[in-house]
Amino acid sequence: MPEKIAFVGVGRMGANMARRLKDCGHAVTAVYDVNPAAATALAAEIGAQAATRLAEVTAAADLIFTVVTDDAAQLAVFAEGGDSLLAGAKGRTFINCATITPATHVEVERRAKAAGAVALEGCMASSIPQARNGTLYLMCGGDRAAFERVKPVLEQLSTALRFVGPAGQAAQVKALVNMVMNINTAGLAEGLGLGAALGLDLDLLREVFAQTGANSQVLKTDGEDMQNRAHDCYFSAAHAAKDSGIALQLGRDAGLALPLAAATKAQFDRMIALGLGQLDKSGVAELTFKGRHG
């Protein structure tokens with residue numbers, strides 16, 4: 001089993017995963033972020049090195065988690081030249097948790113293998129509290145034997161751990177999870193927005209939704225927030241737009257039309273255009289309730 005663990009990308013998800021593993025007794029030896037202040041603060045908190053170069057992260061750990069923003073950031077930390085996690089990476093295992101395209105996961109696996117390392121997908125379908133409490137839903141892909149080696153660590157981050165298949169497949173599943181979640185979110189916002197316009201009691205409406213075919217996990221997590229305009233960010237509208245785009249591209253590649261996914265992406269794109277992209281995805285209700293931004 002790996003003895004030393006590091007994190008690249010210590011925003012709210014990455015930082016809370018690092019805290020969780022530290023609490024479980026693991027040696028979290030290094031952290032790195034494009035925002036050096038975030039890495040410095042977390043390093044001081046958990047007793048890790050605040051690395052200033054990616055190669056320092058690889059040198060300090062056996063198992064490295066990456067939790068970055070998008071495809072470009074993922075490929076940059078695994079650059080084939082210059083400062084990179086691949087420098088001196090022989091024997092290391094990388095677990096890449098960002099929501100990125102399946103093709104990027106496949107490319108990162110190729111680059112890691114060429115450097116004598118292993119790269120796994122660790123796609124997350126949960127949010128900040130779950131990262132801190134070790135209750136993430138994790139969908140993993142890549143080499144099965146490598147997954148089994150690091151499984152004891154992953155089990156301390158996740159209460160629902162699934163191995164999906166070869167590199168790229170976990171990202172496909174995650175894209176579909178987020179596609180359906182985003183569609184549900186936009187649909188719920190329209191239902192509650194119309195209910196408000198009709199003068200219905202929204203507490204009653206949400207209760208009826210919960211007992212009928214209108215029920216969903218999104219109703220539990222976002223319904224009250226939509227009603228009360230409480231859009232503290234757990235999963236941003238900007239991320240919803242990005243992830244809907246990943247699913248739409250998968251649909252195009254498969255020769256499918258996905259009109260609901262396309263309409264949903266258009267709603268989240270509109271939020272970004274209105275300067276609301278930093279709000280939680282529940283903020284899509286701002287487009288559907290009368291008298292709000294819509």
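Author: Gladly, and let us start with Glu-56, which touches Gln-49 and Ala-51 when residues up to four places away in sequence are not counted. A contact here means heavy atoms within 4.5 Å. Before going on, please note that this is a predicted model, in which local features need pLDDT of at least 70, side-chain atom pairs count only at pLDDT 80 or more, and totals for chains, interfaces and linings use all residues. Residues are numbered from 1 along each chain as its sequence is written, and side-chain values use heavy atoms, with hydrogens and water left out.

Reader: Why is Glu-56 called partly exposed?

Author: Its relative accessible area is 24%. Buried means under 20%, exposed means over 50%, and partly exposed is in between, with a 1.4 Å probe and protein chains only. The value for Glu-56 is therefore in the partly exposed range. Glu-56 is found in helix α3, residues 54–60; helices are DSSP runs of H or I with at least four residues, strands are E runs with at least two, and both are numbered from the N terminus. Glu-56 and Ala-87 are 31 residues apart in sequence, and their C-alpha atoms are 8.9 Å apart in space.

Reader: What makes Val-68 buried?

Author: Val-68 has a relative accessible area of 18%, so it falls under the limit for buried. Its place is in the loop between β4 and α4 (71–77). Leaving out residues up to four places away in sequence, Val-68 touches Val-8, Ala-73, Gln-74 and Ala-98.

Reader: Why is β6 described as largely enclosed?

Author: Because 6 of the 7 residues of β6 are buried, the strand is largely enclosed by the rest of the structure.

Reader: How do you know which strands pair in the sheet, and in what order?

Author: Two strands pair if DSSP finds at least two bridges between them. The 8 strands form an open sheet with mixed pairing, in the order β3-β2-β1-β4-β5-β6-β7-β8. Its edge strands are β3 (49–50) and β8 (158–165), each pairing on one side only. Strand β2 (residues 27–32) and β3 have 2 bridges and run in the parallel sense, and Ala-30 stands opposite Gln-49 in β3. Parallel β5 and β6 are joined by 4 bridges; the bridge partner of Ile-95 is Leu-120 in β6.

Reader: What makes α9 and α10 roughly antiparallel?

Author: Helix α9 (residues 202–210) and helix α10 (residues 217–228) pack at an angle of about 165 degrees, with axes 11 Å apart. Axes are lines fitted to C-alpha atoms, for helices over the stretch in contact, and angles run from 0 to 180 degrees between N-to-C directions. Angles under 35 degrees count as roughly parallel, over 145 as roughly antiparallel, 65 to 115 as roughly perpendicular, and the rest as oblique. The two helices are therefore roughly antiparallel to each other. In their contact, Leu-202, Asp-203, Arg-206, Phe-209 and Ala-210 of α9 meet Leu-219, Gly-223, Glu-224 and Gln-227 of α10.

Reader: Last one: what is the phi of Arg-229?

Author: Phi of Arg-229 is near 60 degrees, a positive value in a residue other than glycine. Most residues other than glycine have a negative phi. Arg-229 lies in the loop between α10 and α11 (237–253), and with 44% relative accessibility Arg-229 counts as partly exposed.
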